[in-house]
Amino acid sequence: MSGEFAALSAVILFVIVSGLQSATPIMLAATGGAFSAQVNVFNVALEALLLGSAFTSFCAAHVTGNVWIGLLVGILTGVVLAAIFAFLTVTLGGNEIIIGFGMNIAVTGLTAVLLGSLFNSPGSFLSPTAGSFPMIYSKIGWLTLVALLLVAVAHWHTFHTRAGLRMRAIGFDSSAALAAGIRVDAYKYRAVIMGGALCGIGGAVIPLSGLSLFSVAMTAGMGFIAIAAVILADGRPILAGAAALFFGFTSAIGIQLQAFGWPNELVLALPYVATVLALLVKAIIGLRREAKRRTRQADQGQITTTNIEVVA
Amino acid sequence: MNKSSLTVSLSRYVLAAVIGLLVASLILQSQGYPITEFLSVLATSTVGTPYAFLDVLRWMTPLLLSGLAFLIAARVGYFNLGVEGQIYIGSLFSAVITHVLPLPPVLALLVGILAGMAGGLIWAYPCAWLAKRFGVNEVVTTLMLNYVAVLITSFLVKQFFLATTVNGGTIQTITTDEIEANAVLPTFTPYSALNAGLFIAVAVTAVAAFVLGRMRTGYELRAVGEAPKFAKYSGIPVARRKFQAFLVSGAIAGLVGALETQGVLHSFIAGSLDNMGFNGMLVSLVAMNNPIGLFASALFFGVLQNSQLVISQVTTVSSYLITVVSALFILAFAANPIQFIMKTWRARRER
């Protein structure tokens, strides 16, 4: 009896530890992306921000042998890339999805080219000098705690500060916000760049946790999963963090299932499938709420011609 | 179009091309090559060898159709970023059916192509249905299914369809058995992979251009995409048209996979279809989602694609450089700095 209990608790422990580890970059990116969502900027470039920061922090850590300098450089990269995204979409008015996706492709290509040119090791490179972030317990690093903390800070910022209120106002009705005197574009930049800084931390975590390794397209869709988490949470930081944690756990559960004989590829596909299912659940809940709201409004006699939406 | 707006549109392309060219040349120069190296790579990949241009056309086939797939979905307002995965599934379907079923010449070809289109359509179906029934954002679902497609095709091939080598050993790459000879699209010369698939691609695109431009369905799709409320009040079944367009987009993506399998690869080879979907998206965006423009755009990207091989042969720089060029081209194109500059200039003048 105790043997089975020990085995089960080992599994649960593994899922928690591994889940937290894989969820950390997604959590950070999702929290960052939440800021963009609050001001109605569909930041599709999260993947690019993560990958770019991962590469530069890896390089910096490799050259200096200090992971913290790597972290700093990663944050800087995230900020710069986010500023570029903001400039191309907010100021120049480019379509967010096209610009975001273009940046994803550009960063993937650029990091691959630089990986080959700087390290002469196309594909992936294991650094002997970069080191990795200190761990608290097994594979949970201090940065995971930082990530959880930042989710709380982001929540506080969104709902308990004036800046957060203004950002939410912009997201709700940007023309009204503009009329009220809020500098909409400035706040949009601010939101995207804050998100970029968080993605910078997330990016630094990826190559420097355990293995000092960088490989081409290392982020493997983490940025897109973070975008899904942001959509799920409607821009609310705590929900976004929770969704990211959920996706991290599905990866860990998948790895455990491999031990039970599930085939490799299907297990790797788990987080992606989980993302789609989560979006489905959210959509259903949303539709139900909308239907309830309608019946309530109809009961109270509040249906007018202006609020009947032509649902195509 | 009057002369000034034509120059404005052209200058948009020129600026984007210049930016891409400049960055690529600078990167190559930083690696020790002359500043004109990139231009010479482009020249080599177009006219360097007698068969270079044939190879450009070979790449034009998947790029044209992939761009068309993206374009059809974009017409109704959907971003079908799942073309990548749909191509994979279509390729696998085609490879398996044409290997398993022995059929007479033309029929084998057709069955393979239809199987590929079915595969792409099936893969697009969940995303289309989720978007229609529940309003789930198709950008994320299609992206997720891309990853799942790559994984699931690997799994299926390893489990059921893995190729057997002549002496019974195991094959190293994830490949299926060779398809039936009757299903193979004939090539023009043994020196290039260019095959009859090009005719199919051009024909399909031309038909699509005609339907989208001149027929009622095309008009309805455009109305649904640009003014859904107007379309609904006109009696067009908006949700159904969007759904159908999404499925057609998936089917055409599957066609890309089938043509690659039957024309070039002669089996399903994991990793050989990489980035065809995304490049197709770039093709469509550069063509401003105009089906006639797809031809020129696909030709342009065909040149870029061919130069990917040349870069890795002639220089020590990674072939991903071309990816960077394409992406920068799109960014410069989509951000449209010239329009911004002109707008602010005019606004300033009016003050």
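Student: Is A:Arg294 buried, partly exposed or exposed, and what is its relative accessible area?

Tutor: A:Arg294 is partly exposed, with a relative accessible area of 29%; the scale calls a residue buried under 20% relative accessible area, exposed over 50% and partly exposed in between, with a 1.4 Å probe and protein chains only. Keep in mind that this is a predicted model, in which local features need pLDDT of at least 70 and side-chain atom pairs count only at pLDDT 80 or more, while totals for chains, interfaces and linings use all residues. Residues are numbered from 1 along each chain as its sequence is written, chains are lettered from A and ligands numbered from 1 in the order in which they are written, and side-chain values use heavy atoms, with hydrogens and water left out.

Student: Which residue does the side chain of A:Arg294 meet in a salt bridge?

Tutor: A salt bridge is a side-chain nitrogen of Lys or Arg within 4 Å of a carboxyl oxygen of Asp or Glu. Here the partner of A:Arg294 is A:Glu290, at 3.6 Å from N to O, and A:Glu290 is partly exposed at 26% relative accessibility. Both residues lie in helix 12 (residues 270-299) of chain A, 4 residues apart, about one turn of the helix; helices are DSSP runs of H or I with at least four residues, numbered from the N terminus.

Student: How many salt bridges does the structure hold over all chains, and which parts of the chain does the pair B:Glu260 and B:Arg58 link?

Tutor: There are 9 salt bridges over all chains. The side chains of B:Glu260 and B:Arg58 form one of them, at 3.0 Å from N to O. This pair links distant parts of the chain, with B:Glu260 in helix 10 of chain B and B:Arg58 in helix 3 (residues 52-75) of chain B, 202 residues apart. Both B:Glu260 and B:Arg58 are buried.

Student: What is the phi of A:Asn40, and where is A:Asn40 found?

Tutor: A:Asn40 has a positive phi of about 70 degrees although it is not a glycine, and A:Asn40 is found in the loop between helix 1 (2-38) and helix 2 (46-64) of chain A. The residue is exposed, with a relative accessible area of 51%. In chain B, B:His266 likewise has a positive phi, of about 60 degrees, without being a glycine; its place is in the loop between helix 10 (238-265) and helix 11 (276-286) of chain B, where B:His266 is partly exposed at 22%.

Student: At what angle do helix 2 and helix 4 of chain A pack?

Tutor: Two packed helices are described by the angle between their axes and the distance between the axes. Axes are lines fitted to C-alpha atoms, for helices over the stretch in contact, and angles run from 0 to 180 degrees between N-to-C directions. Helix 2 of chain A and helix 4 (residues 96-119) of chain A pack at about 20 degrees, with their axes 8 Å apart. Helix 2 of chain A is therefore roughly parallel to helix 4 of chain A, given that angles under 35 degrees count as roughly parallel, over 145 as roughly antiparallel, 65 to 115 as roughly perpendicular and the rest as oblique.

Definitions and conventions: Helices (H or I, at least four residues) and strands (E, at least two) are DSSP runs, numbered from the N terminus.
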